[in-house]
Amino acid sequence: MDESLNHDRGVPGSPATSTRQRVLTRLDLLRGEMLDTLTAAVQIPSITPTYPGEIYADLVGAEGEVSRLLAEVYAEAGAETDVFAVEPGRDNAVGVIRGTGGGRSLIFNGHVDVVPPGDASGWRSGDPFDGVVEDGWIRGRGTVDMKSGLVAQAFAARALHEAGVRLRGDLILQAVVGEENLENHLGTSAVLDRGYTADGAIVSEPTGGAWPLSVMAATPGLLVMRIEVAGKSSHSSMRGRMLCRPSTTEAVAASAIDRGFVIYQALRRLESDWAVTKFDPLFEPGHFTLAPGVVDGGARHSRSGAFIPDSMSMVYAVFHPPGEDQAVVRKEIEGHIAHVAATDPWLRAHPPVVEWPLRYPGSRVDATHPLCAVVTDARELAAVDTPLAGRPPVAAFPSAADSTWLCAAGVPAVGLGPGELAMAHAYDERCAVDEIVCAARAYALAAMDWCGS
């Protein structure tokens, strides 16, 4: 750490104070351009092309457009830029601002992809990608999750450059693809594998909520689970006969939906147990859940009500404490399902199939880690004399984030970003301009402190 900077922090008239003020003044002058760039980024519909239900060919390439837009800002910040893709059309952007030496390196990380916006009629403006700035907010899909944070990081680097600040450690800017569908191998992990690592990282996921721009020191583990339940189809008029006889192989029919909901209710009971048995001091009580996201069932050959259904599938997002072994979590859930299936004649003969297509192990940085202190100090200093003033809490991010893969690669990563996660993935997604400006100020100050200047 730059000891003189640390020693002079907050002392009026000191060299550190005047340098910080010069950077913050430059950011104020860049505010309009920063918002224009953010609007341009939001207007690019960079939906994850592999997202369930989407047509890949219609969407691939838009992520790369946002990455190239950010690469231009990185270049204006004095960075060496690298735009590359593991999968054609899905480009990541990296900018490296070389330090003068003797300081710690820092990554600014964020993802360029967004989730589908849903029906446009559900948006007040009728256009999910309008990017309109109005009444202190910017609207549109991706404003919260997470283009506001990405653009704020880029302009923090540009303000440092234009204010004449030379960092001692390298500053590495990363705009990555694929986060929304847990494709870290195409995004953050690919960037790290390419050699762009550092001594610390700030991920610009939205960390607002009860306290805007809080500091995220942990993320939960996340597993995506798919359960397939088989039944035996027949004419729907056979339901009465089916209900009057045991659901065995010889039964006239067996409803996969009925049997699937046996599993659903069992997992709901397990989820209630988890509210007591699984906890972490950084997370709210009851945070670790088995969240059903998709339920689909019917007759395989028809979606008509004329048939007793012979198939049902359920997809769950399973959130667990970050320190818990995912193999142990899977074994617990599979054992619970197997136990319930053994009590049901049909399921005993036709066990449900459980698959685990995606995983995020979770991450944790100790709240006493120097990076937490630097980011917390920077956030507090950035908001002085504003409505966001105060010292933010160090807490947990409720969902998966690419900090998992940074931490797994040996890069301590904390989160700080504008917006509230409850607004992400929602209709009429919007982010407060004041939070975006404050985040940019905090990123710049954190870089100066962590890297030295």
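Author: Start with strand β6, residues 171–176. Six of its six residues are buried, so β6 is largely enclosed by the rest of the structure. Buried means under 20% relative accessible area, exposed means over 50%, and partly exposed lies in between (1.4 Å probe, protein chains only). Strands are DSSP runs of E with at least two residues, helices are runs of H or I with at least four, and both are numbered from the N terminus.

A word on the source. This is a predicted model, where local features need pLDDT of at least 70 and side-chain atom pairs count only at pLDDT 80 or more, while totals for chains, interfaces and linings use all residues. Residues are numbered from 1 along each chain as its sequence is written, and side-chain values use heavy atoms, with hydrogens and water left out.

Back to β6. In a regular strand the side chains alternate between the two faces of the sheet. Here Leu-171, Leu-173 and Ala-175 point one way. Ile-172, Gln-174 and Val-176 point the other way. All of them are buried.

Next, the partners of β6. Two strands pair if DSSP finds at least two bridges between them. Strand β2 (residues 91–97) pairs with β6 in the antiparallel sense, over five bridges. There, Ala-93 stands opposite Ala-175. Strand β3 (residues 106–111) runs parallel to β6, and six bridges join the two. Phe-108 has Leu-173 of β6 as its bridge partner.

Now take Gln-174, which has its place in β6. Gln-174 is buried, with a relative accessible area of 0%. A polar atom of its side chain lies 3.0 Å from the backbone oxygen of Tyr-196. Tyr-196 is also one of the residues in contact with Gln-174, neighbours within four places in sequence left aside. Contact means heavy atoms within 4.5 Å. Others in the list include Tyr-74, Ala-93, Phe-108, Leu-150 and Leu-406.

Now for charges. Side chains of opposite charge can pair when their charged atoms come close. A salt bridge is a side-chain nitrogen of Lys or Arg within 4 Å of a carboxyl oxygen of Asp or Glu. The whole structure holds 26 of them. One joins Arg-158 to Glu-76, with the closest N and O atoms 3.2 Å apart. This pair links distant parts of the chain, 82 residues apart: Arg-158 sits in helix α5 (residues 143–162) and Glu-76 in helix α4 (residues 62–76). Arg-158 is buried at 8% relative accessibility. Glu-76 is partly exposed at 39%. Both residues belong to a network of salt bridges that also takes in Arg-26, Glu-33 and Glu-162.

Arg-141 and Glu-429 form another salt bridge, at 2.6 Å from N to O. They are 288 residues apart. Arg-141 lies in the loop between β5 and α5, and Glu-429 in the loop between β15 and β16. Arg-141 is buried at 2% relative accessibility. Glu-429 is buried too, at 1%.

Last, another sheet. Four strands form an open, antiparallel sheet in the order β10-β11-β9-β12. β10 (290–298) and β12 (353–360) stand at the edges with a single partner strand each, so one side of each has no neighbour in the sheet. β10 pairs with β11 (residues 311–320) over eight bridges. Val-294 has Val-315 of β11 as its bridge partner.

How values were computed:
A polar contact is a pair of N or O atoms within 3.5 Å; within protein, one must be able to donate a hydrogen and the other to accept it, and residues adjacent in sequence count only if both atoms are side-chain atoms.
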